[in-house]
Each structure stands twice: as C-alpha cells, then as structure tokens.
Amino acid sequence: MAFPQTRMRRLRATAGLRGLVRETDLTADRLILPLFVTDAAGDGAQELREPIPSMPGVERLSISAAVGEAREAARLGIAGLLLFGIPAEKDQQGSGAWDPDGAVQLAAGAIKRAVPDLLVATDVCMCEYTEHGHCGVLREDGVVDNDATVELIARIAVSHARAGADIVAPSDMMDGRVGAIREALDEEGFSDVPILAYSAKFASAFYGPFRDAAGSTPAFGDRRGYQMDPANGREAVREALLDAGEGADMVMVKPALAYGDLISAVSAATGLPVAAYNVSGEYAMVKAAAAAGSIDERAAVLEILTSLRRAGADTIISYHAKDAARWLAEQT
Ligand code: PBG
C-alpha cells in the first residue's frame with residue numbers, strides 16, 4: 001500500500017509513538033571510556049591530571065587520578081575502560097610495555113581493587129613505548145619486523161592479564177598476533193581472558209589527537225605498511241575472519257564514523273560481537289564544532305553513538321562516554 005493509505009509520519013507524531021517503534025537503543029552499558037595513564041608521578045597517591053590540548057576534556061592521568069576516573073565511570077553506569085600507557089621513558093625495543101610496574105599494569109591493578117565490577121580492557125601495542133613511535137620492533141631496514149613483534153605483543157598481553165586486565169585488545173596490526181596472544185594467555189593460566197582484536201584498523205588521519213596525547217607519532221615514515229588502506233572493505237572482513245579463526249572473542253572496526261559500512265559487514269560475516277572505536281579525531285571534530293557554536297554537542301554525540309549501534313556495533317569505545325552516559329541518564 002502506498003500513499004495516501006500509507007503515511008510514514010503517523011508513527012512519528014509523538015514521543016510515545018517514536019519510542020514504541022525505535023529500532024536501536026543506546027545505553028551506558030555498551031560504552032567503553034579510553035583513559036591515558038602515565039607513570040610520570042610514580043605509583044604513589046599523587047593525583048596528576050594533565051590536559052591534552054587537542055582533546056578538550058581529556059587528560060593524562062596518574063594512577064590515582066585514573067582510579068578516581070574509574071569510580072566516576074562506574075557511577076555513570078559505563079561498562080568499562082580501555083587503558084593506554086604513557087611511559088615516562090621510551091626505548092628502541094619498547095620494553096616499558098611489559099614492565100610489571102608500567103602505567104597500564106599498575107593502573108589495571110589499582111582500578112580492579114577499587115572498582116571490581118568495572119571492566120578493564122588494555123590496549124596492547126608498542127607505539128607508545130618505542131622511541132621511533134612504530135607499533136613494533138624494527139628490522140635494520142626500518143621496516144617493522146612482524147614475527148619478532150608478535151612475540152613481544154604476546155608478552156605484553158600476558159603482563160596485562162597478570163596485572164588484572166579483564167580484556168586485552170591488541171592494536172598493533174601484526175599478522176598472527178591474535179593466535180600468539182591466545183596461546184600465551186592459555187599457557188600462563190589466563191584462558192578466561194578474552195581478546196578484543198583491533199581487526200580492521202585503518203591507516204587513518206583521525207588518530208592525530210591520540211598521537212599528540214600519547215607522543216606516538218612515528219619518527220619516520222607512516223603506518224601504512226601495517227594498518228589498512230581506507231579504500232579496502234573486503235579486506236576488512238577478511239582481517240576480521242582471520243582474527244576470529246585465531247581465537248578473537250570480539251573484533252573491532254576503527255575508526256568508526258567513516259567505516260559504518262564495515263561495522264555492518266564485519267558483524268554479518270563473523271557473527272562475533274563487534275566494537276566500534278569512535279577515535280580521537282572524531283571526538284576532536286565534534287568538540288571543535290561545538291566550541292565554534294556550529295552544532296549542538298549533546299545532540300550530535302548521541303546521534304553519532306546511536307548511528308554506530310544502528311550500524312551493528314555491540315560495544316562503542318568513545319571519549320564521549322562520560323558525557324553520553326550523563327545525558328542518557330537525564331533522558332530517563
Ligand atoms: C596504538 C593505537 C592508536 C590508537 C589506538 N591504539 C594510534 C595509532 O595507531 O596511531 C588511536 C586511538 C584514537 O585515535 O583515539 N597503536
């Protein structure tokens with residue numbers, strides 16, 4: 001039946017009708033808040049919060065400040081955190097990444113003790129820990145050595161699990177790392193720790209503010225030798241299927257906004273839970289537009305996050321998580 005019998009506006013007429021037929025919901029228990037944790041202040045009680053200029057409202061946190069942030073996230077009903085380490089010292093090998101007294105390890109432990117029900121996921125990568133800023137160890141010719149890096153990535157994941165991480169999330173984009181992590185976790189007694197694989201991670205311009213925050217801009221070259229070409233969709237599905245085959249429990253599409261088609265495709269192809277990472281550049285754009293008075297920040301953020309759920313994301317990682325959770329609580 002077509003117009004005039006059919007009138008699509010009938011079910012849009014009131015808030016009650018719209019609510020009745022809404023296809024997608026957005027709730028705080030789908031959200032993960034990324035945190036930048038630094039060991040610059042040591043592991044003592046000192047509260048340190050350092051603003052990140054390119055990401056208004058986001059700060060680098062000392063361990064105790066991260067615990068405060070975790071309490072706040074839990075109070076808002078957010079599902080969990082994704083921890084990134086900002087080490088005071090870097091080296092060629094990125095050895096700080098598996099240091100049991102590193103920022104991520106200390107923060108994971110402290111947060112799990114303080115707020116046991118809040119999920120702690122950890123980013124497993126080397127770029128924040130290497131002097132050169134690449135996501136792995138370099139061969140003599142300057143190319144990232146895949147197989148040598150995979151061994152270290154597995155070691156980092158185990159150190160995070162040992163520190164108390166509930167989920168480990170490798171973001172390095174080396175081949176074979178999910179299988180290696182699974183094997184290492186199982187050997188070390190962490191067979192219950194799930195892997196959230198950054199499966200379809202693109203070589204994106206939208207990571208700019210993050211690299212600023214983490215001091216992880218590559219000192220030479222770029223990441224196109226390991227991160228994906230933004231033009232490739234079939235390859236994204238293939239990456240996700242390979243990770244599923246290696247034992248990934250969840251897969252990720254990153255960035256989120258320019259890759260909504262792949263959130264749907266990866267979800268349909270793998271049948272696994274999919275996380276969408278609403279990355280730093282996406283956050284910074286919204287903040288800049290809102291500060292300029294061009295958009296309504298609250299409406300824009302809720303629209304963006306809802307669109308990711310509609311695309312098929314089960315979980316959304318977003319720097320907007322605290323604001324969104326607050327706004328969602330006000331709506332009900
Ligand atoms: C580390 C990593 C990056 C991000 C998450 N993990 C940076 C990169 O690949 O350069 C980006 C997150 C963001 O932009 O919010 N490999």
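**Exercise 1.** Locate Met173 in the fold, and state whether Met173 is buried or exposed.

*Solution.* Step 1: Met173 belongs to the loop between strand S6 (167–170) and H5; helices (H or I, at least four residues) and strands (E, at least two) are DSSP runs, numbered from the N terminus. The model is predicted: local features need pLDDT of at least 70, side-chain atom pairs count only at pLDDT 80 or more, and totals for chains, interfaces and linings use all residues. Residues are numbered from 1 along each chain as its sequence is written, and side-chain values use heavy atoms, with hydrogens and water left out.
Step 1: Met173 is buried, because its relative accessible area is 4%. Buried means under 20% relative accessible area, exposed over 50% and partly exposed in between (1.4 Å probe, protein chains only).
Step 2: Although Met173 is not a glycine, its phi is positive, about 70 degrees.

**Exercise 2.** Check the length of helix H7, then determine which of its residues are buried.

*Solution.* Step 1: The expected span is 1.5 Å times one less than the number of residues.
Step 1: The buried residues of H7 are Ala236, Val237, Glu239, Ala240 and Asp243. They lie on the same side of H7, because they cover an arc of only 160 degrees around the axis, the arc being that of the directions from the helix axis to the C-beta atoms.
Step 2: On the face turned away from the buried side, H7 carries the exposed residues Arg234, Arg238 and Gly245.
Step 3: The cover over the buried residues of H7 includes helix H5 (177–187), strand S7 (196–201), strand S8 (250–254) and helix H8 (260–270).
Step 4: Gly247 follows H7 and has a positive phi, near 110 degrees.

**Exercise 3.** Describe the surroundings of Val253.

*Solution.* Step 1: Val253 lies in strand S8 and counts as buried, because its relative accessibility is 0%.
Step 1: Beyond residues up to four places away in sequence, Val253 touches several residues, among them Ala200, Leu262, Val266 and Tyr277; contact means heavy atoms within 4.5 Å.

**Exercise 4.** How is the pair of Tyr277 and Tyr319 arranged?

*Solution.* Step 1: Rings of Phe, Tyr and Trp (its six-membered ring) pair if their centres lie within 6.5 Å; planes under 30 degrees apart count as stacked, over 60 as edge-to-face and the rest as tilted. The count comes to eight aromatic pairs.
Step 1: Tyr277 and Tyr319 form a tilted pair, 6.2 Å centre to centre with 45 degrees between the planes. Tyr277 lies in strand S9 (residues 274–278) and Tyr319 in the loop between strand S10 (315–318) and helix H11 (321–331), so the pair ties together parts that are 42 residues apart in sequence.
Step 2: Both Tyr277 and Tyr319 are buried.
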